[in-house]
Amino acid sequence: MSTTTSTQVAPPARRPLRYYQIGSHLFIAVMLLLSLIPTYLLITWSFKNGLQYRWERWAISFPLRWRNYVAAWDIVGDYMINTIIVAIFGLMGMLLLSLIGGYVFARMDFPFRETLYYAIIALLMVPWVLSFIPAYMVYVRLGLLNNRLALIIPELAGGPIFGIFLMRAFISGIPEELYESARCDGAGVLDLIGRITLPLSLPGLATLAVLNFIGVWNSFLWPLVMIQDDEKQMIAVGLYKLARSATSGGVPGWTSQDFSVWGPLYAGYVIASLPLVLLFILLGKFYVEGLVDSGLKV
Amino acid sequence: MTEGTGAVEQGNVAETGKSVPVGSRELSTWQAMRRSWQAYALLAPIFILLLIFNYYPPILGLLRAFYRWRPGVEASFVGLQHFGVYFTSPETGRELLNMFKLLAFFFFSGAVVPFIMAVLIFRIRDTESKELYRLFLIIPMLVPLIVVILLWKQIYDPNLGVINGLLEQFGLGFLARNWLGDTATALYSIMFMGFPWVSGVGTLIYLGGLGQISESIFDACEVDGCTGLRRTLQIDLPLVLGQVRLMTILAVIAGVTSFQQILVLTDGGPGFATMVPGLTMFHKAFRTQQFGYAASIGMVLFVITFAVTLAVNRTVHPAVEEVRH
């Protein structure tokens, strides 16, 4: 065994602990398989008709019923478009404010900078249970009940709290010389933000965007209480309501007899997961970093 | 904080030293502030939004906990009445007990299990399998939370559920039951959701922490014959205590405040078997319009979260810096 080649990537080759290694592999594999069971069931069930669901619960059954996906899209599609609209407007505003805030706190020198910064960061410690009820009342008072703005504003106002924290750290790492030479060329603050900071902080912004998109996609309790019209509802609440009405036979176009409602319902769940899968395929690195960062925000 | 501001002030004074003659300190701060108008102008929209939507609501909540409050009606002061009602109502003891049970369990499933999983994956020598395991850890996270909850609801279903189906297949049909509808099993079924609790942010955070430990420490410990469980307890655990603390605090916050899965799975039932204070808060506000009462429960939960977080922060100290890197 050559120790020199392996030191770079893996821990240096030590005296073999074969049984231990095999045992670990087995244990890890079993745990991971167990945690994948719900995902497996979700996907296989989404391709079954009533009979297949009734009699072949565990196996993949053929033919695959792609029709389920058509039926599901008719209902889930609108919720997804609503959610994407909210995400686009909310995220664009959130990214802009985080970029500006991050730049100001990282690169500008002004009285009370640290006081203002900590005033923002302190908000990370306010648990949402404390603000949930009063925030609802504030939004009602502003006439935002059942209004899409009520879904966008929390992203726009609350997103930059963690955003500024992340972007300040990120922008602090940009070399000062770049700013100096731009200043010599007579660049103003907006040029410094738009022409220098923005292109160099794209990885940070991507992490932030991914993280907040996951948040919007999963948001449940807030849209549940704020939005009454089904036409404006977000995906998580939409699926919750769909599951309830599907099992009681209340979804138009879906036959609720003989287990045939389950296929389209699970197809809807799969469709609703696709944006997150796509996000992971496109921005996998930022996805994982974003998730880990979200954990580190406390 | 004051130190920081002082430094900034001095910096500005030094910068603008030429134009500022010997004057009072306040005047120079004022001048430095006027000079930095651009910074304040850029921050203004952020602070306006934060003031209305992020500072005001929690403060309002703390005040309105002492009022009778509902939309469209003027709030009236009731003093400590809500707290009195809450702590003397017969369900409250049950709710708090459920909450602490969930909290203790979330510590196990959110902080302990991911640590074990991360240590095992970290010690795998084969880099390719390591990467593969990491990928498989992430796949279940690509399913939205609400779908996971709804799936588990189906898994627990008394007639169509997978668990009862499996039990019957193995001749254990007598064990089959209405998992979420039975007072004896409902709360434990909610805890069991997500089994085996390995995939998630926790394992990734621990893996990140383990990856930061200097290779020389492991080598030294290998030479001393410190392997297996001993290494886990004496080397790995102390060096990722920062991550342990983080996951513990997250588990505490989840245990005290999260009720989405309970709302969807059982809505607190059967009876009050799975009721938690957070869900009571939600019901009081949005089913019986008692917003002041709900705000007071929110305040109680805030105090509990704050106290437990503080206690965790005081007791768990991350390892000294010299050992890292």
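Predicted model: local features only at pLDDT ≥ 70, side-chain atom pairs only at ≥ 80, totals over all residues.

**Exercise 1. A covered helix**

Find out how many residues of helix α15 (residues 277–286) of chain B are buried, and what covers them.

*Solution.* 
- Step 1: Use the cut-off, since buried means under 20% relative accessible area.
- Step 2: Go through the helix with that cut-off. B:P277, B:G278, B:L279, B:T280, B:M281, B:F282, B:H283, B:A285 and B:F286 are buried.
- Step 3: Count them. In α15 of chain B, 9 of the 10 residues are buried, and the helix is mostly covered.
- Step 4: Look for the cover. Chain A contributes α6 (128–141) and α11 (221–226), among others. From chain B, the cover includes α4 (81–88), α5 (92–123), α14 (260–265) and α16 (291–315).

**Exercise 2. A nonpolar patch**

Which residues form a nonpolar patch on the surface, with about 670 Å² of accessible area together? Then decide whether B:L166 is buried, partly exposed or exposed.

*Solution.* 
- Step 1: List the members. Chain A gives A:I37 and A:W58, while chain B gives B:L166, B:F170, B:L172, B:F174 and B:L175.
- Step 2: Locate B:L166. This residue sits in helix α8 (residues 162–169) of chain B.
- Step 3: Classify it. B:L166 has a relative accessibility of 32%, so B:L166 counts as partly exposed.

**Exercise 3. Backbone features in loops**

Describe the peptide bond from B:F195 to B:P196, then look at phi of B:W197 and of A:N146.

*Solution.* 
- Step 1: Start with the peptide bond. From B:F195 to B:P196 it is cis, with omega near 0°. B:P196 belongs to the loop between α9 (186–192) and α10 (201–212) of chain B.
- Step 2: Move to B:W197, which lies in the loop between α9 and α10 of chain B. B:W197 is not a glycine, yet its phi is positive, near 60°. With a relative accessible area of 16%, B:W197 is buried.
- Step 3: Turn to A:N146, in the loop between α6 and α7 (149–172) of chain A. A:N146 has a positive phi of about 65°, although it is not a glycine. A:N146 is buried too, at a relative accessible area of 13%.

**Exercise 4. Cysteines**

How many disulfides does the whole structure hold, and are A:C184 and B:C221 buried or exposed?

*Solution.* 
- Step 1: Search all chains, which gives 0 disulfides.
- Step 2: Check A:C184. Its relative accessible area is 69%, so A:C184 is exposed.
- Step 3: Check B:C221. Its relative accessibility is 6%, so B:C221 counts as buried.

Key. Residues numbered from 1 in each chain as written. Chains lettered and ligands numbered in written order. Heavy atoms only, no water. Buried < 20%, exposed > 50% of the residue type's maximum accessible area, 1.4 Å probe, protein only. Helix = DSSP H or I, 4+ residues; strand = E, 2+ residues; numbered from the N terminus. Contact = heavy atoms within 4.5 Å. Patch = residues over 30% accessible without salt bridge, like charges linked within 9 Å, V, L, I, M, F, W, Y side chains within 5 Å. Areas by Shrake-Rupley, 256 points an atom, 1.4 Å probe, with all protein chains shown as cover. Salt bridge = Lys/Arg side-chain N within 4 Å of Asp/Glu carboxyl O. Disulfide = S-S within 2.5 Å.
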